[in-house]
Amino acid sequence: VANASHELRTPVAAVRGAVDTLLAGADDDAALRARLLDMIANHVGRLEDRIRDLLDLSRLEAMEGAARVGPAPASDIVRLLEPAFEELCAKRDVRLEFAMDSALEQMRSDRNLVILILRNLIENAIKFSKEGGVVRVTGEPATIERDGAAPIRGVRLEVVDAGVGIPLNQQQRIFERFYQVDEART
């Protein structure tokens with residue numbers, strides 16, 4: 001809750017400050033008004049991202065152990081994900097590429113969960129990639145080894161980028177809810 005509230009409080013405070021400035025008469029200065037409106041739009045986008053994260057987390061927690069396995073052809077997943085990132089890719093000058101093995105047309109999984117996981121990974125990869133970079137999403141059949149049990153057939157999905165990465169001393173925290181690497185390091 002502390003991490004989530006901090007993630008919401010910061011953009012709300014920025015929007016409040018910009019609105020107060022506009023209401024105090026800054027709307028007479030076109031350049032300042034444009035800068036403040038751009039800042040408001042940016043922070044509203046951050047709020048939308050955090051709200052989406054909260055909703056995703058809520059959905060995941062509500063369905064613990066209740067994955068709905070069914071056909072999840074890789075082409076359907078790509079068809080749904082690719083257009084979702086066109087604007088962000090253009091804004092960041094990043095190219096998004098998909099390379100899915102044709103065997104994944106027969107993939108069975110919870111399609112919505114696969115899309116949710118890939119969407120989060122792709123979004124972070126694009127956000128933290130260098131301008132002109134490439135984010136590559138690959139998928140292939142894989143054998144999954146299990147301690148003390150027979151291996152099972154599965155799928156390996158990877159999102160690869162050349163972004164700033166996560167410092168080794170913070171990698172153990174990546175699965176904490178709302179954890180973000182110290183922005184001073186990015």
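A: The axes of H3 (residues 74–81) and H5 (residues 111–127) cross at roughly 45 degrees and come within 11 Å, where axes are lines fitted to C-alpha atoms over the stretch in contact and angles run from 0 to 180 degrees between N-to-C directions. H3 passes H5 in a right-handed crossing, the near helix being turned clockwise from the far one by less than a right angle. On the H3 side the contact (heavy atoms within 4.5 Å) is made by Asp76, Ile77, Leu80 and Leu81, and on the H5 side by Arg111, Val114, Ile115, Leu118, Arg119 and Ile122. These residues divide into 7 nonpolar, no polar and 3 charged, with Val, Leu and Ile among the nonpolar types and Asp and Arg among the charged.

This is a predicted model, in which local features need pLDDT of at least 70 and side-chain atom pairs count only at pLDDT 80 or more, while totals for chains, interfaces and linings use all residues. Residues are numbered from 1 along each chain as its sequence is written, and side-chain values use heavy atoms, with hydrogens and water left out.

As for the setting of this pair, the chain has 5 helices and 5 strands, which are DSSP runs of at least four residues (H or I) and at least two (E), numbered from the N terminus. Their pattern along the sequence is α-α-β-α-α-β-β-α-β-β.
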